[in-house]
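Okay, thanks everyone, I'll keep this short. Have a look at the structure first, and then I'll walk you through the parts I want to talk about.

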Amino acid sequence: MDVHGSRSSDSALAEDIWSLAPPTMLPAYKKSGLLISGVADSDTLSTFCISHVKDVDGMGAASLVVAATGADFLLSDYETLMDDLDRVPSDTSSLVICDLGTDDSTLQEFIKKLAGFASRGCNVTYIDHHYMPAQARRAISKKGIRLVHDARECASMLTYATFRDSLPLDARNIALYGAVTDYMDASPMGRRLMEKTDRHFVLAESMLLSHAIARVDSGSSFRRIVVRELSAMRLPHEIERVPDLALAQLRAEATLANKVKRTGRKDGLLAVVKTTENSTGNVAKLLIGAFDVPLGISYRDKGDGWCEVSLRSTSALRIHLGKSISKIALRLGGNGGGHMKAAGCRVPRSKVQEMLRELAKQIGSSGTSPDRRDEDMP
Ligand SMILES: [Mn+2]
């Protein structure tokens, strides 16, 4: 295998965007026994990773940090991130945060906490791809935090690029699982990495993984096991329970599409449904097809006074979902953010209807782009 050839073109690819100096330490993927037992090795720097629990991209990013550094890790979500930052072991010499965006409601506290680690001599790396205003980027960088941010790429891809010198070539697959499942495999790096592998193989493995994890709750220890197995370069189909869970999820989804159609409602350009599914993003996506609208919104009552909301749109919608929902959620006492066509937020249960009205108003004033392809389609 032409290792050097492949590596150098990967490097050129990453350096288009930023120049990186990965931490020098023994690649941990070579010590799979260590990874499975989860015992930190005393001869490596003590790295700790906090990454997004919610999807393949966040879990993939965590597995890449673990593979490269032997890090211990926590899988977190937006509402638990601040508390989880307080759980980082005090002897941590390198902290890596992946795929967890912040918004105006949490940015200052987030920066303050990361700056606290940096001031104690801990190397802090923040890898993210959610929409981030320029002033937030500047504020983070000023505090001695290494910011790896590119909204065109997924977090797994950015993590792969950050640690690639400590990763085996097989780790590219993990970067691609994140890219495929985050709809970012047509990105500058995603496209070029995909050309070096069998696309159908990567798609099949990505789908097994995303369906399997959609089947289990965010709090499930299975998600931690998956991260460890991926970090040992196990393929999704080789990980125990992944194929069975993925099949079970496929069966459930086939009936879910009908259920969404029955229980959802269309309101102008958007369709909305209340769901109990773990994967609210998936439900939001199904709404778009079921009601033939450019925006699907699903929400789940978390039982603690809050609702988790997922939003998905087609390119016909003119608003940036991440930016719009970040502002609306903040005004309603919640928080949120995300990408152009995929976003999420958390709002008090009592504010869900207000949020929907607010969004409908915004869409009403921005309108949709005429999409000629739609006119020719059934
Ligand atoms: Mn992501």
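So, find Ile50: its bridge partner is Leu74, over in β2. Keep in mind that this is a predicted model. That pair belongs to a stretch where β1, residues 47–52, and β2 run parallel, joined by five bridges.

Now zoom out to the sheet around them. We've got five strands in an open sheet, order β2-β1-β3-β4-β5, and the pairing is parallel. At the edges you find β2, 72–76, and β5, 146–149, each pairing on one side only. From one strand to the next, the twist averages 15 degrees. Then there's helix α3, residues 56–69, which packs on this sheet and touches β1, β2, β3 and β4. Its direction makes about 170 degrees with that of β1.

Which element gives the largest share of the largest nonpolar core? Let me start with the core itself: there are 69 residues in it, and the ones touching the most other members are Cys49, Ala62, Leu64, Val65, Phe73 and Cys98. The largest share comes from α3, with nine residues. Take Phe73: setting aside neighbours within four places in sequence, its contacts include Cys49, Ala62, Val65, Val66 and Val227. As a general point, nonpolar side chains tend to be buried together in soluble globular proteins. Apart from that core lies another one, of 32 residues, and among them are Ile288, Leu311, Leu321 and Ala329.

Trp306, for instance, stands opposite Pro348 in β11.

Last bit, the overall numbers. The protein has 16 helices and eleven strands, and 48% of its 378 residues count as buried. If you take contacts between residues at least 6 apart in sequence, 64% join residues at least 24 apart. That's it from me.

Technical notes
Residues are numbered from 1 along each chain as its sequence is written. This is a predicted model: local features need pLDDT of at least 70, side-chain atom pairs count only at pLDDT 80 or more; totals for chains, interfaces and linings use all residues. Two strands pair if DSSP finds at least two bridges between them. Helices (H or I, at least four residues) and strands (E, at least two) are DSSP runs, numbered from the N terminus. A residue is buried if 20 or more other C-beta atoms lie within 10 Å of its own, exposed if 12 or fewer, and partly exposed in between; C-beta atoms are placed from the backbone. Two residues are in contact if their C-beta atoms, placed from the backbone, lie within 7 Å. Axes are lines fitted to C-alpha atoms, for helices over the stretch in contact, and angles run from 0 to 180 degrees between N-to-C directions. A nonpolar core is a set of buried Ala, Val, Leu, Ile, Met, Phe, Trp, Tyr and Cys residues joined through C-beta atoms within 7 Å.
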